[in-house]
Amino acid sequence: MGTVTVITPPRRLAIPRWNEIWGAREVLYRFAHRDVLLRYRQTVLGVLWVVLQPLASAGIFSIVFGSVAKLQSDGLPYFLFSFMGMLAWNLFSGVVTRSAPSILGSQGLISKVFFPRVIVPLSTAAAVLIDFGVAIVLGVILLFAYGVSPGWGVLLLPVWVVLLMMFGAGLGLVLAALTVRFRDVSYIVPWLFQVLLYASPVAYPISSVPHNLRGFFEANPITWALGAFRFSLLDQPAPPAWQLIAFPVLAVVVFVGGLIFFESWEREFADVI
Amino acid sequence: MRQRGRARSSASLTHVGEGLAISASGVGKTYRIAKNRDDAITLAEQLLRRVRHPLKRIQYEPFTALDDITFEVPWGEAVGIIGRNGAGKSTLLKLLTRITAPTRGRIELGGRVGSLLEVGTGFHPELTGRENVYLNGTLLGMRRKEIQRRFDEIVTFSGVEKFLETPVKRYSSGMYVRLAFAVAAHLETEILAVDEVLAVGDAEFQRKCLDKMREVATDGRTVLLVSHQIQNIEALCTTAMYLEAGGLKHYGDVTTAAHLYRSSFAAPTSSAQTSRRQGTGQARFASATADKEQYTTSEPKWLRFTVPAHPGLAGEYFVSAHLVNSDGIDVLQCDSRVAGRWFDPKEAVDTTLAIDTPWLKPGRYSVDLFLCQAGVLDAWHGACGFTVLPLYPYEGTVTDDAVELGTVLADFSFKDN
C-alpha cells in the first residue's frame, strides 16, 4: 500500500526533500489561490488596485524626485525610468516582506497538520507575481506612449525575474524561520526595506551617485538587478560583466542557502511557535 | 526548545507496507524547557543576557514527553490511544502525523496519513464553502481529483448545498462544523489519525462520526483514535494503547487498556512526581486527601489540601478542583474564584473543600487540582481520589437501568398539580 515514509530525528543540517515538496504542490497551489482570492475580495475597486499601486508610487517619485529634487534619469522620461525601477523593486520587496511573516501567520496550521512548511513562504510569491504581471502590461503601454523601444535585451527579462525572485525567496525563507523564534524580525524587516529602497538606485540612476560612494552602491545586489531590468526594459547600457555574473550566482546561492536554513529549522516549528 | 539526535540502527524491523501499517521503535520526544522560565522571546533580550552573563549559558531542563515507544500496527486495525492528561497521547499522535519530529527512534508509515487534530484545519472565514472544501481537503492530504470525485458526496453529507458560494464566516457554527467534518470524513488516506474531534457537535453528529470511522477501519485501512471518552474507544477500537507518564504500558486488547486507564484514577499519583506536573511551578500543592475513602452518593465530600507558604510570589492565587469520573469526564469544577475565595501566598494554606451537591453516581473519582494566577502555576492531575458506593438516597427501589444515564444524580421529586 503506497510508499513507506520513514521518520527519524532531524539532523543539524537538513537537505530539502524535493519529492515531498513536489508531492505537496497542490497545497502550494491552494495557498496561492487563497492569497490571490482574499487579496481583493470585499474591496470596492478590486483588481484595479493592482494597476493603481505601481502607477501611484511611480507618480509620487516623479513629483518628488523628478520635479522637486530634479534627479537625473539617464536621459529617459523620469516617470518611465522610476516606473521600471519600482517594477523590479516591488517584485523583490514583495517576495521578501510577504514570505517573512508567513510561517508565524499560519501557526494554526503548523501545529495541526503536516505538509512541507517551505510551501507557506513560497506560496506568497504567487500574489506578488500577479501584481508584477499587471505592472509589466502597464509598462509596455508606457513604452509605447513614450516611444521607447526596449531592444533585444527584453528577451532576457524572464531570466532576471526568476533570479530576482529566487534571491528574494531565499532571504524570505531565512526571515520566515527566524521570525518563529524571534518576533523582532517582523519589526525590523519593514523598516529595513524602507531604508533599502532609498539606498538602491530605484528613483535615481547609479550614474548620479558621487564617485566616492559608488563602491557602496555597487556592492548592493539590488543595484545589479535594477541594472539588468533597465537594460532589458529601457535599452540602457548593460551593467558591468562582473555584475551580470555575480547576480545569478548570488541568487542561486541565497535561494539554496535559504532552503537549507529553513529546512534545518523547520521540524521544530510546531514546538516553538 | 530544540532537539537533536540520531536514528538508532534498527535492523529488527518487520517490513512496513506489506503487513504493517505503522511501526515504531524506540521512539522518544524530549523537549528542552528553559530553566529560568523567561525564555528569550526577542533577539534583543537574548543579546542583552549574553552581554550581562557572557559565561552563563541558558540552562535547559529536559522534559521527556515520550520515551522508548515501540509498537507495530497491522493494517485494518482501529487503535485507541488512552492515558491521563500529560501521558503523551497527543505527542504520540503529533509524531505519527509528522507535525513534530521525534528526538529518538524511528517510525515507519506504510501509507499516507490523514490527520484530524481539529475540525476545519485551514478553513478561512472569507472563503466560500466550496473554496474551503478544496483548501481543507488538500491540507488533509487529499488530491484534487479525489476531492472533485467526492465533492457531491461531501456536500450532501454536510447538508449545506445552498450555501456553497457563501463565505463560511456567514455560516452558523453547526453548518461550519458539519462542512468541516464532511471533508474529513471523505479522506481516503491509508492511515487516519483522529484526536478528540468527537467532542464537538451534537449526539447525532457524534454517532455519524463513529459510524464513519468504523467504516474506514473495516475498509482495511488503519485508524488511530486519541480520546478521553473511554466508551468511544470501547465502541470503536479493535486494539488499544495505554500510555502512562510518557511510556507505553500496554498495547493489545481494549479491555485491558480500559481497565488500566480506569484503575489509574484509583491510584493517585504521588506528590513525588512533582517534576512531571505541568504549570510554572512558582507555587505547588503539598498534599491533597479526601476525608474518607468511600462515600455514599449523597453525603458531602470533603477534600483537604495544603499549600506551603511561597513568600516570593506576588499577588493572591486561586485554586480550582476538578472532579473526574472513571470515564475521564470532568463532572464538577469547584473554583475558589466562584466562591469568592483567594489565597495569600505568604501564608501556608490548609483548607478543606466541601462539596455538598450534586449527588455523585457510584464509581471511582479522582481530583485534579489547579493553582492559578493569570496562568497555571501547578496542575496536579489525580491529586487524590475516592469511591462512591452504590448507596442511593432515593426512596424507591433503584434498579441499574433507572440510574444508567446522566453523569450525576439529581435531587428530584414528582408533584401533582
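Chain B and chain A bury about 4400 Å² between them, buried area being the accessible area (1.4 Å probe) that two parts lose on being put together, summed over both. Of this area, 56% lies on carbon and sulfur atoms. The model is predicted: local features need pLDDT of at least 70, side-chain atom pairs count only at pLDDT 80 or more, and totals for chains, interfaces and linings use all residues. Residues are numbered from 1 along each chain as its sequence is written, chains are lettered from A in the order in which they are written, and side-chain values use heavy atoms, with hydrogens and water left out.

In the interface, 56 residues of chain B are in contact with 41 residues of chain A (contact: heavy atoms within 4.5 Å). The rule finds 1 salt bridge between the two chains, defined as a side-chain nitrogen of Lys or Arg within 4 Å of a carboxyl oxygen of Asp or Glu. It joins the side chains of A:Glu20 and B:Arg98, at 2.6 Å from N to O.

On chain B, the side that touches chain A draws at least two residues from each of strand E1 (20-34), helix H1 (43-52), helix H2 (89-96), strand E4 (104-109) and helix H3 (129-139); helices (H or I, at least four residues) and strands (E, at least two) are DSSP runs, numbered from the N terminus. E4(B) gives the most, with 6 residues.

E4(B) also pairs with strand E1 (residues 5-7) of chain A, in the antiparallel sense and over 3 bridges; pairing requires that DSSP finds at least two bridges between two strands. Within E4(B), B:Glu108 is the bridge partner of A:Val6.
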